[in-house]
Amino acid sequence: AKKSLCHAEFYKYVQWHNHAFATTNSHQDNMVVYYEDFYTQFEETIQNLADFLLQKRITAPYKFSSPHDYSRFYTDEMRKDIRSFVKELSSKETWSYLKHYFDDKSSASGSIDGYM
């Protein structure tokens with residue numbers, strides 16, 4: 001990923017997830033929410049989050065603005081390089097949650113093309 005823009009940011013992103021999963025594995029209750037879920041399934045995501053936190057919704061949440069499209073910054077070769085880099089750095093659990101961003105068959109709501 002050294003050939004790609006922001007490779008240090010990808011490193012930090014993966015390490016954050018690796019540490020988050022390592023920390024939460026010692027606790028029984030945890031929830032993973034994909035960033036794009038706030039865009040593609042806003043109401044359901046908000047309700048699931050409130051339910052998980054055992055909280056009642058007392059006001060309407062602020063609407064989520066559309067996700068950013070970073071695809072113009074990365075060539076196909078860069079995406080392949082970043083995928084390899086992320087996969088190599090990821091724990092098995094982290095990769096299980098991040099790999100859908102690199103699935104060429106995914107729609108923009110879940111692929112690297114829509115968010116990177």
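Trainee: Of the contacts in the protein chain with a separation of 6 or more, what share joins residues 24 or more positions apart?

Mentor: Such residues account for 61% of those contacts. Please keep in mind that this is a predicted model.

Trainee: Which pattern does the protein chain follow along the sequence?

Mentor: The pattern reads α-α-α-α-α-α. The secondary structure comes to six helices and zero strands.

Trainee: What makes the set of residues that includes Phe-10 and Val-14 a nonpolar core?

Mentor: A nonpolar core requires buried residues of listed types, such as Val, Phe and Tyr, joined through side-chain atoms within 4.5 Å. The largest set of this kind here has 10 residues: Phe-10, Val-14, Tyr-74, Met-78, Ile-82, Val-86, Trp-95, Leu-98, Tyr-101 and Phe-102. Helix H1 (7-24), helix H4 (76-89) and helix H5 (92-98) each give two or more residues to this core. H4 provides the largest share, three residues.

Trainee: Which residues does Leu-98 touch, leaving aside those up to four places away in sequence?

Mentor: Leu-98 touches Tyr-13, Val-14, His-17, Val-86 and Ser-90. Val-14 and Val-86 are, like Leu-98, named among the core residues.

Trainee: How do you know whether Trp-95 and Phe-102 are buried or exposed?

Mentor: Buried means a relative accessible area under 20%. Trp-95 has 11% and is therefore buried. Phe-102 has 9%, so the conclusion is again "buried".

Trainee: Why is the pair of Tyr-34 and Tyr-97 called tilted?

Mentor: The planes of Tyr-34 and Tyr-97 stand at 50° and the ring centres are 6.4 Å apart, so the pair is tilted. Tyr-34 sits in the loop between H1 and helix H2 (37-40), whereas Tyr-97 belongs to helix H5, 63 residues apart. Ring pairs also link these two residues with Phe-21 and Tyr-101 into a cluster. The whole structure holds eight aromatic pairs.

Trainee: Why do Tyr-34 and Tyr-97 count as partly exposed?

Mentor: The class lies between the limits of 20% and 50%. Tyr-34 has a relative accessibility of 22% and therefore counts as partly exposed. Tyr-97, at 27%, is partly exposed because this value also falls in that range.

Trainee: What makes Thr-94 a buried residue?

Mentor: Its relative accessibility is 0%, which is under the limit of 20%, so Thr-94 counts as buried.

Trainee: Why is the approach of the Thr-94 and Asn-18 side chains called a polar contact?

Mentor: The pair must consist of N or O atoms within 3.5 Å, one able to donate a hydrogen and the other to accept it. The distance here is 2.7 Å, and the pair therefore qualifies as a polar contact.

Trainee: How do you know that Arg-72 is exposed?

Mentor: Exposed means over 50%, and Arg-72 has a relative accessible area of 65%. Arg-72 is in the loop between H3 and H4. A polar atom of the Arg-72 side chain lies 2.9 Å from the backbone oxygen of Asp-69.

Trainee: What makes the phi of Leu-54 worth noting?

Mentor: Most residues other than glycine have a negative phi. The phi of Leu-54 is near 55°, a positive value. Leu-54 is placed in the loop between helix H3 (42-52) and H4. With a relative accessible area of 75%, Leu-54 is exposed.

Definitions and conventions. Residues numbered from 1 in each chain as written. Predicted model: local features only at pLDDT ≥ 70, side-chain atom pairs only at ≥ 80, totals over all residues. Heavy atoms only, no water. Buried < 20%, exposed > 50% of the residue type's maximum accessible area, 1.4 Å probe, protein only. Helix = DSSP H or I, 4+ residues; strand = E, 2+ residues; numbered from the N terminus. Contact = heavy atoms within 4.5 Å. Phe/Tyr/Trp six-rings, centres within 6.5 Å; stacked < 30°, edge-to-face > 60°.
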